[in-house]
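Please have a look at the sequence and the structure on the screen.

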Amino acid sequence: MSQLKSVQEKLRLVRVLRLLKKTYTYEELSKITGLPITVLNRYVRGKVLPSADRTQKLLELLLPYINVEEEVRKRVKFDERGFFDNMPVLSDTALMSLIAEDVAARYMEENVDKVLTAATDGIALGVHIAKELNVDLVYAKKKKEVGVEKFYEVSYVPSASGSVTTLYLPQWALRKGENVLIVDDVIRSGETQRALLEMCGQAGAKPVGMFFLISVGDVIDRLKEEYSIPVESLIRLE
């Protein structure tokens with residue numbers, strides 16, 4: 001294992017411990033790992049990193065205790081009208097990193113060149129996934145930025161409103177032949193995502209998949225049929 005990979009695995013263990021610490025006490029983690037509470041505390045705070053050998057043993061021991069889907073479901077908050085808030089998920093960097101690791105592993109063989117999303121809510125997820133894939137994140141906005149001369153531009157009418165929405169993406173952001181993974185935190189109707197797919201078409205880029213933290217209804221099934229590419233979500237809400 002390279003020195004860089006070894007450090008990455010150690011930092012991964014720190015994220016795992018920090019996530020578990022939100023559910024388990026130090027006493028419980030000590031019983032699971034067989035390590036003193038003082039040692040675990042140093043690992044969680046990042047004061048000390050374990051050896052490479054201990055890191056691998058602890059990851060093998062602790063990862064079965066984490067179910068990222070269940071962790072996301074626990075953090076999504078609903079109000080009395082049924083609307084939900086997923087900010088507790090997006091703000092949990094340890095959880096987001098573990099989700100991104102899983103997504104990156106699924107698409108590693110697709111040779112992704114860019115991760116594409118729409119501003120603003122999809123950016124947090126996009127950053128984590130792009131980092132794991134070691135590629136750039138690009139995102140479409142609802143306004144043109146000063147200083148950019150040429151844009152890919154797609155207009156559509158969201159079903160929840162009676163007005164036209166236009167997304168803009170600088171033309172330098174996508175190139176012909178690039179493999180693109182489209183991500184977002186939530187997908188409800190699929191209209192924004194169809195606009196991103198159209199941008200890929202304008203650029204001559206190839207969408208190789210779509211991933212969402214949360215999907216509502218059967219929208220991902222419809223997108224699979226329409227575009228014949230992998231479309232996945234971590235959890236589905238009816």
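Five strands make an open sheet, ordered β4-β3-β7-β8-β9, with parallel pairing. Strands here are DSSP runs of E with at least two residues, helices are runs of H or I with at least four, and both are numbered from the N terminus. Two strands pair if DSSP finds at least two bridges between them. At the edges sit β4 (136–140) and β9 (231–237), each pairing on one side only. On average, neighbouring strands of the sheet are turned by 20 degrees against each other, direction ignored. Angles run from 0 to 180 degrees between N-to-C directions, and axes are lines fitted to C-alpha atoms, for helices over the stretch in contact.

This is a predicted model: local features need pLDDT of at least 70, side-chain atom pairs count only at pLDDT 80 or more, and totals for chains, interfaces and linings use all residues. Residues are numbered from 1 along each chain as its sequence is written, and side-chain values use heavy atoms, with hydrogens and water left out.

Now β8, residues 206–216: six bridges join β8 to β9, and the two run parallel. Ile-214 has Ile-235 in β9 as its bridge partner.

Which strand holds Ser-215? Ser-215 is in β8. Ser-215 counts as buried because its relative accessibility is 0%; buried means under 20% relative accessible area, exposed over 50%, partly exposed in between, with a 1.4 Å probe and protein chains only. Beyond its neighbours within four places in sequence, Ser-215 is in contact with residues including Ile-187, Ile-220 and Ser-233, where contact means heavy atoms within 4.5 Å.
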